[in-house]
Amino acid sequence: MQSLGPTVPSPSMLKILCHSISNYGLRSVYTGLSASLMRQMTYSLVRLGSYEEMKRLMSENGRASPSAGKLLLAAGVAGGLGGIAGNPADILLVRMASDSVRPPEKRYNYRNAITGLISLVKEDGQKGLARGLGTNTTRAVLMNTSQVGSYDFFKTTLLQYPIPLVNYQFHDGFFLHVVASFAAGTCGTTVCSPADVIRTRIMGSSGKASPIEVLVRSLREEGPAFMFKGWTPAWMRLGPNTVLMFVFFEQLKRGWSSLVTS
C-alpha cells in the first residue's frame, strides 16, 4: 500500500489481502518471508544488541540509571547502526512484498532472499546495496528511538506512577511488559510512518529519485495524508511484533541473568 502512487486507486488492506490470496494462493501472504528473516538477523540483531550494550556501559560501576535523554540517544545511535546493517535485506523485502501489485514486466521475481541478493548485486552493483540508505537509516533511528526508547520510558513510568482513576500500580512482570510494548509499538508505527512510505517508494523503484524529490512529488500529488498511507497494516505487523519481541526479550534477559549468577 505504501508503494502505490496517486495514479493507482488506493485499495484497502482487506482488498489487497483477498486479491493476493485469490490470485496467488495462501502462500502469497508469506511472500518475502526469507527477506524478512534476513532483515531480523541483521537490522534487529544489531539495533537491540548495541542498545543493550550502551545501556549497560552507561549504568556500570555503580553509576545511576541513565536518564531518558541518554537512553533515547543510545537508541538512536543503535538504530542507525541497525539500519546500515539491514539495508540490503530491507531492499529485498520491499521488492518481494510489492511484486504482486506491479505490472508483470516490472516485477523482480526474486525466489528468495539469497537469489534476490545475488540478482541485486549483478544488476545494480555494490552501490545497489546502499539504495535508500539515507532514508532507511533515518527511519531506523526514528524506529529505535520511538520503539525501543519509548518501551523503556513507558515501562519506567508505569512502574513509578499508578494508573489514574483505577489507582492500579504495575509491577515488573509479564503484564507490564505487554502494556509497555503495546504502547511502544503504536508509538513506533506512528512516528516512522512518513519515513516508511518514502523509504518503500525509493527502494521499490528502479529510478534514482532522492528522498527530497519523492517527498515533494508525493506531497504535491497526494497531499500530507500520503505520509500515513498503510498505517493500519503497518501497525498490525509492528504491534504484535513489538509485544512478542519485548516479552521474549525480557524473559531471555532474566534467564541469562539467572544462569550467569548461579
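Helices (H or I, at least four residues) and strands (E, at least two) are taken here as DSSP runs, numbered from the N terminus. The model is predicted, so local features need pLDDT of at least 70 and side-chain atom pairs count only at pLDDT 80 or more, whereas totals for chains, interfaces and linings use all residues. Residues are numbered from 1 along each chain as its sequence is written, and side-chain values use heavy atoms, with hydrogens and water left out.

Begin by selecting Ser146, which lies in helix 5. With a relative accessible area of 6%, Ser146 is buried, where buried means under 20% relative accessible area, exposed over 50% and partly exposed in between (1.4 Å probe, protein chains only). Show its contacts next, a contact being heavy atoms within 4.5 Å: leaving aside residues up to four places away in sequence, Ser146 touches Ala184, Cys187, Gly188, Val191 and Cys192.

Two cysteines are in that list, Cys187 and Cys192. A disulfide is a pair of cysteine sulfur atoms within 2.5 Å, and by this rule the count comes to 0 disulfides. Cys187 is in no disulfide, and the nearest cysteine sulfur, that of Cys192, is 8.4 Å away. Colouring by accessibility separates the pair, since Cys187 counts as partly exposed at 26% relative accessibility, while Cys192 counts as buried at 1%.

Now select Tyr51, Val148, Tyr151, Leu158 and Phe246, the residues that touch the most other members among the 15 in the largest nonpolar core. Such a core is a set of buried Ala, Val, Leu, Ile, Met, Phe, Trp, Tyr and Cys residues joined through side-chain atoms within 4.5 Å. Two or more of its residues come from each of helix 2, helix 3 (68-98), helix 5 (133-160), helix 6 (174-204) and helix 8 (231-261), and the largest share, 4 residues, comes from helix 3. Centre the view on Tyr151, which touches His177, Ala180, Ser181, Ala184, Phe246 and Glu250, again not counting residues up to four places away in sequence.

Helix 1 (13-24) and helix 2 (33-59) each supply at least two residues of the patch. Leu14, placed in helix 1, is exposed, with a relative accessible area of 57%.
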